[in-house]
Amino acid sequence: MSDVLDQEAGEDAADSDGFRTMLDRLSRLSVDRHFEAYTDVAWDSSDMALVPDDPRLDLPGHDPLGASEWYRSQPAAVRARIGLYRYAAFMKVGWHFENLLQRGLLRYAFTLPNGAPEFRYLHHEIIEESQHTLMFQEFTNRSRLPVRGMPRSLRVLAELTIVPLSRWFPSMFFVFVLGGEDPIDHLQRRQLEDGAVRHPLVERIMRIHVTEEARHLSFARHHLRHDVPALGFVRRHLLAAVAPIVLGIMSRLMLRPPADLVRNNRIPRSVVRQAFGSLEGSQLLKDSVAKTRRLWVELGLVNPASKLLWKAAGIWDEPSPPNARRSAGAQT
């Protein structure tokens, strides 16, 4: 299903009939394949228990912190506890972000007229995000760790600025949506595809999240394809200039270890800087926003000036020729 939803470029989302067809399809998928936080996760199974020194919580090599020499040199129990904290921190940040997302989507839905094709799907997505926040907070509670999630100042700023955007400038709001959802989706997909996640509770939550986020990301991209071509000069240029700044900040917020994780686990700050400043860490950052970057090129929102902003944010990557991508795919 996720692969089908990723094949978006061939659909004419700018066409109203195509946009309605896409929304109908996503709504049907939300009915046919959805998950309940306390039905579809076996929380009380002994195999799912969260024990701080469980070696199954060891961070995989796809995580720049997990790949660092410092982390690999720690005793197994220390690596496991850091791994548990890392997963719990991901989930706490995730539910803070999804809470803001739900409020924005509700505000956007509040403005829609009767018969608006988005209305039904928006509420399917809001329901799914509510189930995600239940899963994420339940995991956080069971970890028994003092994870803080998004910094308080950033949460307040987001409430005052991002949520209102869903009503006054929906396309900009969906830039923030992609900035929060794409990086985590990218990292989780890599870990699941390579079998790098070993704890069954972490894996189960990730699989549910990736399955439903495929729909959410598809909607956000199709919404932008539908709306951006009709925007005026000023708003198009705002999107071109602001998107790389937002994506650079959001991708780092989602992927880098938060300050409380570093402090409570006595991780040298130099380790974090080196891990995420390495070639692998820098490439992960670029890859985590690759789909949004390609969308911005497709929509004509990358110009010489805005490309400098993408590069300054550390998230620009020159696109490979189509033939080279197909050749690389055939070799793998």
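These are my notebook entries on a predicted model of one protein.

**Ground rules.** I number residues from 1 along each chain as its sequence is written. The model being predicted, I take local features only at pLDDT of at least 70 and side-chain atom pairs only at pLDDT 80 or more, with totals for chains, interfaces and linings using all residues, and side-chain values using heavy atoms, with hydrogens and water left out.

**Overall fold.** I looked up the secondary structure and found 16 helices and zero strands (DSSP runs numbered from the N terminus; helices are H or I of at least four residues, strands are E of at least two). The radius of gyration is 20 Å, close to the 20 Å from the globule rule for 332 residues, so the protein is as compact as a globular protein of that length. That radius is taken over C-alpha atoms, and the rule is 2.2 Å times the number of residues to the power 0.38. I noted spans of about 55 × 45 × 45 Å for the C-alpha trace along its principal axes.

Of the 332 residues, 52% are buried (under 20% relative accessible area; exposed is over 50%, partly exposed in between; 1.4 Å probe, protein chains only).

**Ala158.** I located Ala158 in helix H7, residues 152-168. Ala158 is buried, at a relative accessible area of 3%. With neighbours within four places in sequence set aside, I list Leu100 and Val163 as its contacts. Met135 is 23 residues from Ala158 along the chain, and their C-alpha atoms are 22 Å apart.

**Arg225.** Arg225 belongs to helix H9, residues 200-227. I find Arg225 buried too, with a relative accessible area of 8%. Its side chain makes a polar contact of 2.8 Å with the side chain of Glu298 (a pair of N or O atoms within 3.5 Å; within protein, one must be able to donate a hydrogen and the other to accept it, and residues adjacent in sequence count only if both atoms are side-chain atoms).

**Both ends of H15.** I checked helix H15, residues 304-312, and found its N-terminal end capped by Asn303. A side-chain oxygen of Asn303 lies 3.1 Å from the backbone nitrogen of Ala305. Just after H15, I recorded a positive phi of about 75° at Gly314.

Definitions and conventions: Contact = heavy atoms within 4.5 Å.
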